[in-house]
Amino acid sequence: MPSVILDPLLQPFRLKHLTLRNRVVSTSHEPAFGEDGMPKDRYRAYHVEKARGGVGLTMIGGSAVVSPDSPPAFGNLLLYRDDIVPWLRRLADEVHEAGAAVMCQVTHLGRRTSNFSGDWLPVVSASPLREPAHRAFPKAAESWDLDRIVADYASAAVRCREGGLDGIELEAYGHLLDSFLSPATNHREDEWGGGLENRMAFPRRVIRAVREAVGPDFIVGIRMSLDEAQPGGLTFDEALTAAQRYAADGIDFISTIHGSIERDASLAKAIPSIGTPLGPYLDFTGEIKRRLTIPVMHAARIADVATARHALREGLLDLVGMTRAQIADPHLVAKVKAGQEDRIRPCVGASYCLDAIYDSGDTKCVHNPSVGRELHLPHIISLTTGRRRKAVVVGAGPAGLEAARVLGERGHDVVLFEASDQPGGQIRLAASNPRRADLIQIVDWRLAECKILGVDLRLGVYAEPDDILAEHPDLVIVATGGTPDRSFLTAGEGLVSDTWDVMTGSLRRPRGEILVYDDHGGYPAMDAVEVLTASPDLRIEYVTPERTLAPDVGSMNSPAYLRAFTAHGVTITLARRLLSVSRTGDGRLAATLYSEYTEAETERIVDHVVVEHGTLPTDELYVELLLGSTNFGEVDHRALLAHERQDVVRNEAGRYQLFRIGDAVASRNIHAAIHDALRLCLPV
């Protein structure tokens, strides 16, 4: 372990007049925790937690908007309203009290929003080019649009200064400012288009207006793409020239981006996820740092401490953005400082934090359910002040491991039974897709924590009721997960395989034609298809009753699957329901598909059928234990949601409380399983 004195992460950094206590930044991002466009209690708690966890600088308002014709696309804060100032002030005061600095990203979204939200004003951009990700058709901004937007930027910057923030960051990748700078999006023939000087003119006008409005002492940075890496896009040389001019106009630091974000495929490259190299753009950023005189910040899959240290030691940047890493563990810096790096909850690169904004309304870490719930669910779990209890947890998937960890943190005596000799449950299945192998860190971290906390881990033990009762438990938590559901078929249940068969290798060396039926819409079938594409002799058809491909797989994760689908020539069939499977005379399989739109059946003759229809609870043990429990398995939802202890008593003669969590209840996802465990066990 490097000493604190020599650790580059922990060295102070002077940014203009501001001294940051270390080099670690939580860069601008929008978790969508605001209320009415304001950074109220939930939003504030999220950032204050990072400040208490040791970060040097936390940046709020990922794309906080300056104008009403820049309607929120993903929970953006509304900087054009004066009533945001007191909320900014309260947030800034609490972050400062915890020892960190705080800045806000400021933008006009331009075309990167919807035509059909907010005040239903026309959205504007440099040119009337549709934005693929958010689907808006903008109008080309007129001179009067530009005049008012410049004034709006200046006013928004002043509100940030009045709110006690340490600075702001202008956003210039995928939004309005860079729509003028990039030749890919600026097709104008007036004074704002054409050569680089003209394309720089509007962003420079905004920068100068902001600088004049806030004065010389307020920090103003910019986050921008220095190479859009697309045909006809902004090149490195042009972007570097623009950055140098911006610095001369009053920009104090630059946060570098590589690529563009207008399409899912390019977004997934600019913000790389699981299965991609760590720090892919560090050398690129190092070249920028060598050519600029202002400080350089960068964040793109700097997911672990070793990569961050490397970037600083090699002089590739001045400030290291560990944004998703601090979503997973907002106390990352404090743990480094305390010599507890091995206890940092890892960012596995699942990008659920980003996809969940669109899927379920706000940011969620795939395996830290306290994120965004800081007002109710602490990141640091304290010892119980009550009686130490004996707890038995059955099942070492994500739900069971989290339950054992939390109960261990509370100081209880915990025994964890797992039938397999390898813990992890369905996470281990998902991690058998080589590209998603990092998911196993969710399991490994909890195993390590359980060992530190003294949890009695009994792997390879198929627990029966007598095994559990022999422990004389006060509390039994059944986290036995589920098993694949094939029961939806009207015939042929025994003829098909399921996605577990693919992921475990039980479907050995498949050949010929294979039909993968997905009536789940999430990751399991997509993983199965991706794994199957490694077999060159297979012809794969993916069939779903949905009108879109895997609707529960978001834009950060879908590109990798679609790449595999396209490279292997996977056929995609939408809006078809699999009814039954039968054996043909020559030993192949006949799959009967049904269209709810034409009300007609069709048949596929294939060699294998693989189905994904979620899981059914493995709840036999739970049922056997019910009669001996005090609560008959009942959960008091009011107490659960209030994060209070469960006190239901339905059976005075019962010897233990009994609960089930995770997929032992119903087929859901990793986050749901871990959230179940945390909020149930925290009050114990």
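**Entry 1: threonine 499**

I started with threonine 499, which is buried at a relative accessible area of 2%. Buried means under 20% relative accessible area, exposed means over 50%, and partly exposed lies in between (1.4 Å probe, protein chains only). The model is predicted: local features need pLDDT of at least 70, side-chain atom pairs count only at pLDDT 80 or more, and totals for chains, interfaces and linings use all residues. Residues are numbered from 1 along each chain as its sequence is written, and side-chain values use heavy atoms, with hydrogens and water left out.

Where does threonine 499 sit? I found threonine 499 in helix H17 (residues 499–504). Helices (H or I, at least four residues) and strands (E, at least two) are DSSP runs, numbered from the N terminus.

Next I listed the contacts of threonine 499, leaving aside neighbours within four places in sequence. They are Pro524, Ala525, Ala528, Val610, Val611 and Glu612. Contact means heavy atoms within 4.5 Å.

**Entry 2: the open sheet**

I then traced an open sheet of 5 strands, in the order E18-E25-E19-E20-E21, with parallel pairing. Its edge strands are E18 (497–498) and E21 (571–573), and each pairs on one side only. Two strands pair if DSSP finds at least two bridges between them. Strands of a sheet pair through backbone hydrogen bonds, either parallel or antiparallel.

How many bridges join E18 to strand E25? I read 2 bridges between E18 and E25 (residues 608–612), which run parallel. Serine 497 stands opposite valine 610 in E25.

Helix H18 (residues 523–532) packs on this sheet. H18 touches strand E19 (512–518), strand E20 (538–543) and E25. The direction of H18 makes about 165° with that of E20. Axes are lines fitted to C-alpha atoms, for helices over the stretch in contact, and angles run from 0 to 180 degrees between N-to-C directions.

**Entry 3: isoleucine 572**

I stayed with strand E21, where isoleucine 572 lies. Isoleucine 572 counts as partly exposed because its relative accessibility is 38%.

**Entry 4: the barrel**

Which strands close into a barrel? I followed 8 strands in the order E3-E4-E5-E8-E9-E10-E11-E12, with parallel pairing. Neighbouring strands of this sheet are turned by 30° against each other on average, direction ignored.

I looked at one pair in the barrel. Strand E3 (residues 24–26) and strand E12 (residues 319–321) run parallel and are joined by 2 bridges. Valine 24 stands opposite valine 320 in E12. Helix H1 (residues 41–52) packs on the sheet and touches E3 and strand E4 (57–65). The direction of H1 makes about 150° with that of E4.

**Entry 5: the loop between E5 and E6**

I checked phenylalanine 116, in the loop between strand E5 (101–107) and strand E6 (124–125). Is phenylalanine 116 buried or exposed? Its relative accessibility is 58%, so phenylalanine 116 counts as exposed.

Tryptophan 120 lies in the loop between E5 and E6. I noted that tryptophan 120 is exposed, with a relative accessible area of 58%. Tryptophan 120 has a positive phi of about 60°, although it is not a glycine. Most residues other than glycine have a negative phi.

**Entry 6: lysine 16**

Last, I looked up lysine 16, in the loop between strand E1 (13–15) and strand E2 (18–20). The phi of lysine 16 is near 60°, a positive value in a residue other than glycine. Lysine 16 counts as partly exposed, at 34% relative accessibility.
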